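Thanks for coming, everyone. I have one chain to show you today. Please take a look at it before I start.

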Amino acid sequence: MRVYAVAVRTGGIEKLSQEAYGSLEAAQRFIESRKPCPEKVREMFYQDGEGRKYLIHDLLVREDGEERTFWRVCQKYFDDGRVAVSVYAVKAAEKPESTSVEGKNFDEYNDYFETREEADEWAENARNA
């Protein structure tokens, strides 16, 4: 579950709001309702005339056992020199272990990553092997 929390920084001290908001828009409405009215600097950052800074923190809250998305890079190295690489999304409570299998005509390696960017970088390196 994704929630948004608002932090207010005054004089170098940052305090996190006690409320969590279910959408970015709800967190922004909360900030905009403060007096004196803060002005938007960026989508997640506001500042008011008295020097207070309002920052919206994007938090991902997970319950124990809740499934997350991991990224699997499947690499097949064929005996004739070809390489096939695919990236898949995998839902699991914990990151799966990497595996390898020796086939009759190819070797297959499956590696798992927490972000799509890491998986894409790994896949690109495998394609250029």
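Start with the overall shape. The chain has a radius of gyration of 23 Å, whereas a compact globule of 129 residues would have one near 14 Å. That radius is taken over C-alpha atoms, and the globule rule is 2.2 Å times the number of residues to the power 0.38. Along its principal axes, the C-alpha trace spans about 70 × 30 × 25 Å.

A word on the source. This is a predicted model, where local features need pLDDT of at least 70, side-chain atom pairs count only at pLDDT 80 or more, and totals for chains, interfaces and linings use all residues. Residues are numbered from 1 along each chain as its sequence is written, and side-chain values use heavy atoms, with hydrogens and water left out.

Next, the elements. There are two helices and nine strands. These are DSSP runs, numbered from the N terminus: helices are H or I with at least four residues, strands are E with at least two. From the N terminus on, the order is β-β-α-β-β-β-β-β-β-β-α.

How much of the chain is buried? Of the 129 residues, 28% count as buried. Buried means under 20% relative accessible area, exposed over 50%, and partly exposed in between, with a 1.4 Å probe and protein chains only.

Pro96 sits in the loop between strand S7 (83-92) and strand S8 (99-102). Pro96 is partly exposed, at a relative accessible area of 24%. Leaving out residues up to four places away in sequence, Pro96 touches Phe70 and Tyr112. Contact here means heavy atoms within 4.5 Å. Between the C-alpha atoms of Pro96 and Val8, 88 residues apart along the chain, the separation is 38 Å.
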